[in-house]
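Hello,

I'm passing a structure on to you, together with some notes on its charged side chains. Please have it open while you read.

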Amino acid sequence: MLRPIVRHLTYDAFLRRDGYRLGPHRGALHASQYFSPERLRALQLERLREIITFAHRHHPFYRRRFATCGFHPGDLRELGDLAALPLLTKEDLRRGLSDHLSDGFGPADVLHKRTGGSTGVPLRVAIDFPAASLKRAATERHNAWAGRLPGDRLAAVWGDTDKPTPWRDRLRNALTERAFYLDTLHFDSPHIEAFIARMRALRPPVLLGHAHTVYRLAEYARRHALDDLSLTAVITTAMVLSPAEREEIENVFQAPVFNRYGCEELSIIASECECHTGMHIFAEGLYVEFLGADETQPRELVITDLTNRAMPLIRYAVGDYGIVARGDCPCGRGLPRLREVAGRSADFLYTPEGVPVFGISILDTFVIHIPGIKQLQIVQYRYDHLQFHIVRDASFSPASLERLEHTIRQVFGPRMRYELHYVDRIVQSERGKYRFSICKIPGLGSSQPPADS
Ligand SMILES: [Zn+2]
């Protein structure tokens, strides 16, 4: 009964009160998703010129940067000309860019975002309200592809949500997002059962969460025959999704998975449409470059925010690797696609010879195909040594160990040494995200793995 009231009244009222103006963006984004790729690129070039010119005139960091490399906004004739500018690293962002807002913007004119980032170095980003409104409208558009509309209830598996909230926040949630949560920091039987009971009572059409945690919820639901949840879609986000995880989630919940990719600094970057042929990029607001020549391999993603003037992010090395999708999508949208996001640079592991191994590419090999491993985290401090943190279940046996040994040899070669630690749970990182692989080799953490340089 509340749904139409929220959809048509209170949801927008709260957004307006917070300074968002979504109205004009909704219609525009609905239309532009079907523009031809050429028309979208022309739109991107126009917006790129605007943001570069603005940054040059109004932000001291870019004034200095453009002067140093002899770049003038007038030099930008096509999208490829952007490559003349250096990358914006997280270090640049931390020390330099985020010290200032552009001329004309004060602290009250922006939304402040903080993120721990994959390296654990805190980052501060400020987003002006016109840009935040466009991003919000884009998120709504991508939600709608998965069938989620404003006013619908939402079941969400998310980090650090299990804390007392003031009544104002609860009221606001009831009249806007209508979300209820399972806190990934309390991911145990009583909390899971309570969450599933609520899902059965309230029947939210969509379940949202970090990919691996949603997978573990699906596993739990299957084992305890709690899978009659009548979902219409599952939105997975914040982490890479392996094929076996997708299959399990879809089988258990009998609903398609819509994977998406985003980050705190940029909000939504890309998400799947109903055809599931990769993730359509939010190209009206972002320009994504792929560094490197080999299109078949994961390449470093460099992203320019086309609309945030308060703190322009130009050629931002976001720290993720992805593969571009070629060809048209049957849905008819002209938005370019990411075939997959292969992971973060901090999620790479290495063979003793220094060859990078993408964590996500081996997740299934270890977790799904070795019996008895409930959860696993691999930490690497040296090229020739791995630490395995393993949560076992009842079926773990000597055969599991043999299989593990064999798999390590296969993936990392004969010279790799390793040690096993059996643990009760894997400690989660920022916002309850689980990381399958963590590389702590000293001196790494630059944006390129050593084998490429
Ligand atoms: Zn599509």
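Is E295 buried, partly exposed or exposed? With a relative accessibility of 34%, E295 is partly exposed (buried means under 20% relative accessible area, exposed over 50%, partly exposed in between, with a 1.4 Å probe and protein chains only).

Before the rest, a word on the source: this is a predicted model, in which local features need pLDDT of at least 70, side-chain atom pairs count only at pLDDT 80 or more, and totals for chains, interfaces and linings use all residues. Residues are numbered from 1 along each chain as its sequence is written, and side-chain values use heavy atoms, leaving out hydrogens and water.

E295 forms a salt bridge with R326, at 2.7 Å from N to O (a side-chain nitrogen of Lys or Arg within 4 Å of a carboxyl oxygen of Asp or Glu). R326 is exposed, at 57%. By this rule the model holds 24 salt bridges.

Another of them joins D152 and R3, at 3.4 Å. These two are 149 residues apart: R3 sits in helix α1 (residues 2-17), D152 in the loop between α6 (129-145) and β3 (154-158). (Helices, H or I of at least four residues, and strands, E of at least two, are DSSP runs numbered from the N terminus.) D152 is buried at 5%, whereas R3 is partly exposed at 43%. R7 belongs to the picture too, in a salt-bridge network with R3 and D152.

Finally, D384 and R417 pair at 3.6 Å. R417 lies in strand β18 (residues 417-422), 33 residues from D384.

Best wishes
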